[in-house]
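Thanks for making time this morning.

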Amino acid sequence: MSNAIEIEAKALIDKDSYHKVMGLFKGAVPYSQTNYYIDNEESELKKEGIALRIRRRDGKLQMTLKTPLSQGLLEKNEDLAEWEFVDFETKGDFPENDLKRFLTMLDIDAESLRIITSLTTKRVDIKYKGGLLSIDENYYSGRYDYEIELEYNNMKDAERLLKELLDDNKIPYTLTNKTKTARALEAVGR
């Protein structure tokens, strides 16, 4: 299992602004990924401020658990085999891994967890002023949204640099703390 700390500023933009931002970074190669969001019937993870997902990208699967820190999120990642994903999706058999053990330590029954919804992202990643800028077109529950994220080593500078990029290019935006997980789950009434 790998661990990481994620600190990123996020802004929601409209479709026209998305195309304008993409035009600023011509030549960047997009890729697609699908996130499958997980919780139980009682929304126990959501209530605890925990996000759990499985990401499919380039034929690989990774389960990620995110828990809040004072600044950013602690991420715990586990690679999954295709059969583990299929068994979880079809039978509800949570993979036997360190994330299951971690959830058990938090007094969460991993066997009660299920895939609730999914979100597919067309993303471009660009190294930007010492951070990583991601430009996303997201599709979930019959809707699209557009988001820009700047991952950086501290939130204050991440927000400042993201605001500067958008303001300098006259791109209207709304800074947000609402994650893709929260938006996708809200779209299905969770």
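This is a predicted model: local features need pLDDT of at least 70, side-chain atom pairs count only at pLDDT 80 or more; totals for chains, interfaces and linings use all residues.

Start with E147. This residue belongs to strand β9, which covers residues 143-151. Is E147 buried or exposed? With a relative accessible area of 0%, E147 is buried, because the cut-off for buried is under 20%. Its side chain has a polar partner: E147 and K180 are joined by a side-chain polar contact of 2.6 Å. Setting aside neighbours within four places in sequence, the contacts of E147 include K10, A11, L12 and I13.

β9 pairs with β2 in the antiparallel sense, over 6 bridges. Within that pairing, A11 has I148 of β9 as its bridge partner. β9 also runs antiparallel to β8, and here 9 bridges join the two strands. On that side, N138 is opposite D145 in β9. β8 and β9 make a hairpin with 2 residues between them, and S141 in the turn has a positive phi of about 50°.

Next, helix α1, residues 15-24. Which residues of α1 are buried? They are S17, Y18 and V21. These residues lie on the same side of α1, because the arc they cover around the axis is only 105°. As a reminder, an α-helix has 3.6 residues a turn, so residues three or four places apart point the same way. What do the buried residues of α1 pack against? Their partners are the strands β2 (8-13), β7 (114-128), β8 (131-140) and β9, together with helix α5 (155-168). At the N-terminal end, α1 is capped by D14, with a side-chain oxygen 3.3 Å from the backbone nitrogen of D16.

On to N40, which sits in the loop between β3 (31-39) and α2 (44-47). N40 is buried, because its relative accessible area is 2% and the cut-off is under 20%. Which residues does N40 touch, not counting those up to four places away in sequence? S112, L113 and R190. With S112 there is a polar contact between the side chains, at 3.2 Å. For a sense of scale, the C-alpha atoms of N40 and K170 are separated by 42 Å, and these two residues are 130 residues apart along the chain.

Last, the hairpins. β4 (residues 51-57) and β5 (residues 60-68) pair in the antiparallel sense, with 7 bridges. R53 has T64 in β5 as its bridge partner. There are 2 residues between the strands of this hairpin, and D58 takes a positive phi near 50°. β5 then pairs with β6 (residues 73-80), again in the antiparallel sense, over 8 bridges. Here Q62 is bridged to D79 in β6. This second hairpin has 4 residues between its strands, and G72 takes a positive phi near 90°.

To close, the point to take back to the screen is E147: buried at 0%, with K180 as a side-chain polar partner at 2.6 Å. I will take questions now.

Methods
Residues are numbered from 1 along each chain as its sequence is written. Side-chain values use heavy atoms; hydrogens and water are left out. Buried means under 20% relative accessible area, exposed over 50%, partly exposed in between (1.4 Å probe, protein chains only). A polar contact is a pair of N or O atoms within 3.5 Å; within protein, one must be able to donate a hydrogen and the other to accept it, and residues adjacent in sequence count only if both atoms are side-chain atoms. Contact means heavy atoms within 4.5 Å. The arc is that of the directions from the helix axis to the C-beta atoms. Two strands pair if DSSP finds at least two bridges between them.
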